[in-house]
Amino acid sequence: MTTEFEKKKQRHASGESTISTDSVSNYIPTPPDGGYGWIIVLASFINHVIVDGISYTFGVFYIEFLKYFKEGKGRTALVGSLLCGVYLMTGPIAGALTNKYGCRPICMVGGVITACAFVLSTFSNNITMLTLTYGVMGGFGFGLVYLPSVISVSFYFEKKRALATGIAVCGAGVGCFMFAPIGGMLVETFDWKTAMLIIAAVVLVSVLCGLLMVPLEPPKHRRKPRAKNVLDRFLERCRRSTASRRHDSISSNAAYKVQMVQQVKLAREQRLRNDDSESEMGSMPIAPHRVDWSEPATNGDIGKATTLPRIVVGGDTVVEPEAEDAGISVSPSKERVANTAPVRYALPSHMVAEMMNGGDSAHLNRSLPNVLANGVTSLGDSDGPDPNDVIKSRSTNELGANGVHKHEHEHLHHRRPKGILKEDYARPLYRKDIFYSGSVMHITEFRSQPDVRSYVRSITSIPRDNEPEQESIIWRCLRVPKVAKHVLQDMLDLSLFKNPIFIVVCLGNVFGMIGMYVPFVYLADKAMTMGVSEPRAVFLLSVIGITNTLGRVVAGGLSDFKWVNTLLVHNIAVVCAGAVCILNMFAGTYPLMCVFAASFGLCIATYISLTSIILCEMIGIDKLTNAFGLLAMARGVSVIAGPPIAGIVYDATKNYDDSFHVGGVMLIVAGVMFCLLHLPYFQRLKHQSEQNMPYSVEPTTESLLASGDEKFVVGNGAVAV
């Protein structure tokens with residue numbers, strides 16, 4: 001039979017607290033907005049250079065793959081599109097693993113997987129094996145590197161998140177600028193297999209960057225020591241006197257005990273002088289001897305340093321303790337201290353008798369601390385109210401509906417629900433704004449909180465475990481850790497498709513991503529068909545990278561201004577990107593092709609960098625993680641389909657202009673769909689969602705418990721079950 005001690009031991013081993021008053025705030029990390037966070041930004045920047053740089057410059061290896069495998073353009077383009085598409089579709093899986101194990105190990109594992117995939121791709125004898133190794137396996141590894149790089153920056157920054165995220169994602173443009181000429185030089189100097197081995201070695205740098213992603217720990221709060229009462233101070237003096245027995249002549253503790261014994265002896269001598277005989281003295285009953293803990297000693301400087309008790313022999317005078325000590329057993333509040341009766345202490349009668357009869361002072365010194373440690377008898381008196389009566393007589397307006405004092409009721413809001421581990425509050429994917437890349441200063445939830453710590457607590461949401469019979473058969477068959485299952489269920493929650501706004505956003509991204517990757521794959525090859533040398537053709541991808549970097553900085557800066565309509569800027573950028581692709585048919589010279597590349601890179605950067613801000617504005621931060629997961633899956637499918645479709649068009653027409661027209665039309669259709677969000681119908685839906693946000697009104701404990709919410713929400717200092 002399991003004992004209570006064994007149950008407590010098991011709860012401690014599992015990480016579950018056995019104390020009901022644990023404060024939730026002690027477990028939630030507060031972003032430092034700097035410090036080591038800039039190292040995280042550097043690591044994320046380098047990972048973006050590697051992941052997006054290699055993905056965007058597939059066009060360099062695409063030319064070599066066409067020559068080596070002699071397959072069609074659409075079939076060969078599928079290799080690169082799978083690399084980009086799979087790493088986007090890996091988002092939910094990478095998020096679940098990151099929430100379970102943290103950013104550091106997942107990023108490191110992703111770097112190793114990608115490096116191994118690139119090495120294995122050099123053994124490919126056909127395009128199918130290359131597709132599985134370079135495309136699928138490499139894309140999965142890149143997904144494990146990319147998502148922790150995004151999450152880690154958001155986890156370390158709040159107020160400066162826009163700046164930190166902007167610096168990190170600029171690595172995508174820098175990578176495109178760097179890897180295009182580097183890849184071209186490697187392919188020209190060696191064959192594609194040797195170049196791929198060198199690229200695999202470069203990918204291992206992401207393992208070192210992952211090693212720098214130290215998890216953010218919650219602040220370590222030292223518990224404030226309990227205020228010392230008079231007994232604590234007395235015991236402390238006794239311990240000091242034992243340690244400094246040699247210096248008892250100058251020790252206040254020793255002086256205290258000497259004075260106490262002297263007062264007892266003086267009282268005994270006085271009584272001996274007043275009595276006729278010693279026998280009469282011995283026949284007298286021993287009265288309770290009370291200790292006065294408040295009156296300071298007047299013997300020299302001792303009274304200045306300490307407060308010494310006084311033994312009152314036989315009289316009715318009882319001296320009250322200090323006000324702050326009298327009310328300790330009831331409450332630390334001043335009001336209750338003022339209404340609390342003085343507490344009186346009495347020494348046991350056998351000790352008093354021993355003092356009166358001149359007992360050994362050393363024995364008294366040894367026994368007195370033990371008596372005080374075991375408790376001193378409190379003397380009742382009819383003059384003062386009982387402390388329990390004081391507690392019962394509190395006014396009803398100080399008590400809650402359930403009989404809990406209002407100050408204690410506030411602490412109940414901070415208590416950690418059972419079944420949730422302390423580590424759960426520090427998991428990154430339980431933060432609702434973890435995928436938000438803009439400035440949190442513009443978020444309603446942030447402005448409604450007094451400080452960053454309160455804001456972080458308000459957006460921390462831990463889902464509740466469903467009963468086994470309530471879960472689908474898929475989750476019951478899969479043994480997925482609950483913290484990973486929470487993320488997968490949140491990011492893949494299809495109920496978001498009931499929201500018309502998200503349907504429009506999702507369809508717009510499906511069309512937009514089909515056309516976005518077409519120039520990245522085919523621009524260099526198109527330039528070579530026009531007679532441009534291979535190094536100059538590859539440099540066009542570097543031009544896209546340069547303006548892509550500038551576009552991310554400009555778009556991020558514009559989004560910080562309240563007067564800027566980010567949705568309008570986003571839509572204009574998407575439509576312009578499509579128009580540029582269609583007008584590419586008039587770029588018959590190399591300078592015009594450079595202009596096309598620069599314009600396209602600038603527009604695409606604006607489109608990508610404003611996505612999370614648009615989602616937060618239109619759908620709300622509460623559904624941001626869900627929207628990000630579904631959108632990543634939709635984008636991944638579109639990226640996989642886009643370049644092969646354009647390649648099939650070229651194989652049918654033998655003209656790259658038609659392929660670019662397909663990409664341009666898709667981007668324009670996406671821009672038109674995004675423009676639908678400006679219609680009054682969608683704007684009303686947006687305002688309705690803002691008015692129904694759970695942060696607009698501070699919830700009470702009763703309303704939270706009555707609502708039956710499916711999540712533990714740590715909002716405004718409250719925990720809703």
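**Exercise 1. Helix α8**

Find the residue at which α8 bends, then check the length of the helix.

*Solution.* α8 bends by about 30 degrees at Val-174. The bend at a residue is the angle between axes fitted to the seven residues ending there and the seven starting there. The model is predicted: local features need pLDDT of at least 70, side-chain atom pairs count only at pLDDT 80 or more, and totals for chains, interfaces and linings use all residues. Residues are numbered from 1 along each chain as its sequence is written, and side-chain values use heavy atoms, leaving out hydrogens and water.

Now the length. Helix α8 covers residues 161-189, which is 29 residues. Helices are DSSP runs (H or I, at least four residues), numbered from the N terminus. The expected span is 1.5 Å times one less than the number of residues. For α8 that should be 42 Å, and the end C-alpha atoms are 42 Å apart, so the two agree.

**Exercise 2. α2 against α7**

Determine how α2 and α7 are oriented to each other, and which residues meet.

*Solution.* Start with the axes, which are lines fitted to C-alpha atoms over the stretch in contact; angles run from 0 to 180 degrees between N-to-C directions. The axes of α2 (residues 37-56) and α7 (residues 127-156) come within 9 Å and cross at roughly 155 degrees. Angles under 35 degrees count as roughly parallel, over 145 as roughly antiparallel, 65 to 115 as roughly perpendicular and the rest as oblique. The pair is therefore roughly antiparallel.

Next, the contact (heavy atoms within 4.5 Å). From α2, the residues include Ile-40, Val-41 and Ser-44; from α7, they include Tyr-134, Phe-142 and Val-145. The contact of α2 with α7 divides into twelve nonpolar, seven polar and no charged residues. Here Ala, Val, Leu, Ile, Met, Phe, Trp, Tyr, Cys and Pro count as nonpolar, Asp, Glu, Lys and Arg as charged, and the others, Gly among them, as polar.

**Exercise 3. α6 against α9**

Classify the packing of α6 and α9.

*Solution.* The axes of α6 (residues 103-121) and α9 (residues 192-203) come within 8 Å and cross at roughly 170 degrees. That makes the pair roughly antiparallel. Gly-111 and Phe-118 are among the α6 residues in contact; Trp-192 and Met-196 are among those of α9. By class, the contact of α6 with α9 has nine nonpolar, three polar and no charged residues.

**Exercise 4. α28 against α30**

Classify the packing of α28 and α30.

*Solution.* α28 (residues 566-583) and α30 (residues 611-618) pack at about 135 degrees, with axes 10 Å apart. They are therefore oblique to each other. Thr-566, Leu-567 and His-570 of α28 touch Ile-613, Ile-614, Glu-617 and Met-618 of α30. These residues divide into four nonpolar, two polar and one charged.

How values were computed. Helices (H or I, at least four residues) and strands (E, at least two) are DSSP runs, numbered from the N terminus.
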